[in-house]
Amino acid sequence: MALRLAGETPGVVQGLDGQGWPQMGSPGSVDLRVGLLRRPRTGAWMLHPYHALQYSTGSDTALAADSLRAMVPMDIPERWELDGIEVHIAVAGDAGAEVRLGLYQDDGSGVHPGALEFDAGFVAADSTGIKSIALSPTKAVNPGRYYLALLAKSVTTMPQIRDTQNFLPLLGVNYILYPESFGCIGVSQAYGPLPDPFPPSGSYIRKELLKIAFKLASVG
């Protein structure tokens with residue numbers, strides 16, 4: 001599905017290093033696709049495309065202890081080689097805080113993660129800043145639906161991750177109090193290697209589209 005919005009031109013949704021997806025900007029026109037917005041550039045750090053649809057200021061999300069989060073799905077239309085993944089630690093956790101990053105395949109339902117594509121390892125979360133993991137060898141990802149994931153280690157003061165809280169509701173909205181998009185799927189999970197497959201008990205959580213970026217080594 002694609003939407004064309006009159007009066008908008010492509011801008012850029014900043015990756016964590018200042019590069020990324022097109023977004024709505026000044027007068028003109030832009031295609032907004034459920035999935036990828038346009039063919040990305042090799043070497044760019046890319047955020048989840050739904051960050052392009054943010055309509056209000058995001059915030060920082062305090063991670064729950066021993067909590068596995070998979071972002072709402074994104075569609076990859078062609079074979080990609082990834083050579084990096086990173087996350088923005090906005091507020092540091094206590095000494096020893098860690099977050100583990102990875103990617104899940106879809107379970108066939110189109111709305112829930114299944115098999116683990118790869119576990120990238122962990123970054124320290126007891127200091128602020130952009131924390132990166134080099135993927136060597138690179139990770140080949142075939143066309144399909146995928147879920148960026150993060151698992152937080154339990155410490156007394158948990159780290160906070162930069163997020164996008166309000167974006168166009170393409171997958172679901174809670175209208176009980178006010179419109180909010182579902183940002184991720186969450187489940188309790190003891191800290192360690194990412195589970196394979198993703199636990200079937202995961203449920204959608206309002207907001208909390210955490211800013212995890214990945215780096216493209218090659219496209220197609």
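**Entry 1. Arginine 69**

I started with arginine 69 and placed it in strand β7, residues 67–71; strands are DSSP runs of E of at least two residues, helices are runs of H or I of at least four, and both are numbered from the N terminus. The model is a predicted one, so local features need pLDDT of at least 70 and side-chain atom pairs count only at pLDDT 80 or more, while totals for chains, interfaces and linings use all residues. Residues are numbered from 1 along each chain as its sequence is written, and side-chain values use heavy atoms, with hydrogens and water left out.

Is arginine 69 buried or exposed? I noted it as buried, because its relative accessibility is 12%; buried means under 20% relative accessible area, exposed over 50%, and partly exposed in between, with a 1.4 Å probe and protein chains only. Its side chain makes a polar contact of 2.4 Å with that of serine 67. A polar contact is a pair of N or O atoms within 3.5 Å; within protein, one must be able to donate a hydrogen and the other to accept it, and residues adjacent in sequence count only if both atoms are side-chain atoms.

**Entry 2. Leucine 150 and the cores**

Leucine 150 also has arginine 69 among its contacts beyond four places in sequence, and that list includes Leu63, Val87, Val99, Ile161, Leu210 and Ile212. I looked up the nonpolar cores next; a core is a set of buried Ala, Val, Leu, Ile, Met, Phe, Trp, Tyr and Cys residues joined through side-chain atoms within 4.5 Å.

Which residues touch the most other members of the largest nonpolar core? They are Val87, Val99 and Leu150, in a core of 37 residues. Elements giving two or more residues to this core include β9 (80–91), β10 (98–106), β13 (144–152) and β19 (212–219). With five residues, β9 gives the most. Another core lies apart from this one and has 11 residues, among them Leu68, Ala70, Ile185 and Val187. As background, nonpolar side chains tend to be buried together in soluble globular proteins.

**Entry 3. Aromatic pairs**

I searched the whole structure and found two aromatic pairs. Rings of Phe, Tyr and Trp (its six-membered ring) pair if their centres lie within 6.5 Å; planes under 30 degrees apart count as stacked, over 60 as edge-to-face and the rest as tilted.

Tryptophan 80 and phenylalanine 214 are tilted, at 5.7 Å centre to centre and 35 degrees between the planes. Tryptophan 80 is in β9 and phenylalanine 214 in β19, so this pair ties together parts 134 residues apart in sequence. Tryptophan 80 is buried at 0% relative accessible area, and phenylalanine 214 is buried at 1% relative accessibility.

Tyrosine 104 and phenylalanine 198 are edge-to-face, at 5.2 Å and 90 degrees. Tyrosine 104 sits in β10 and phenylalanine 198 in the loop between β16 (180–188) and β17 (203–206), 94 residues apart. I noted tyrosine 104 as buried at 0% and phenylalanine 198 as buried at 3%.

**Entry 4. Two loop residues**

Alanine 95 is in the loop between β9 and β10 and is exposed, at 72% relative accessibility. Outside four places in sequence, alanine 95 contacts Asp126 and Val155.

Aspartate 107 is in the loop between β10 and β11 and is partly exposed, at 41%. Its side chain has a polar contact of 2.6 Å with that of serine 109. Beyond four places in sequence, aspartate 107 contacts His112, Pro113 and Gly114.

**Entry 5. Whole chain and confidence**

I counted zero helices and 19 strands. Of the 220 residues, 50% are buried. Among contacts with a separation of 6 or more, 77% are between residues 24 or more positions apart.

The average pLDDT, the predictor's confidence in each residue from 0 to 100, is 75, and 69% of the residues score at least 70. Residues 1–37 are below 50, and this stretch has 107 contacts in the model beyond near neighbours in sequence. Residues 167–179 also stay under 50, with 30 contacts beyond four places in sequence.

Conventions
Contact = heavy atoms within 4.5 Å.
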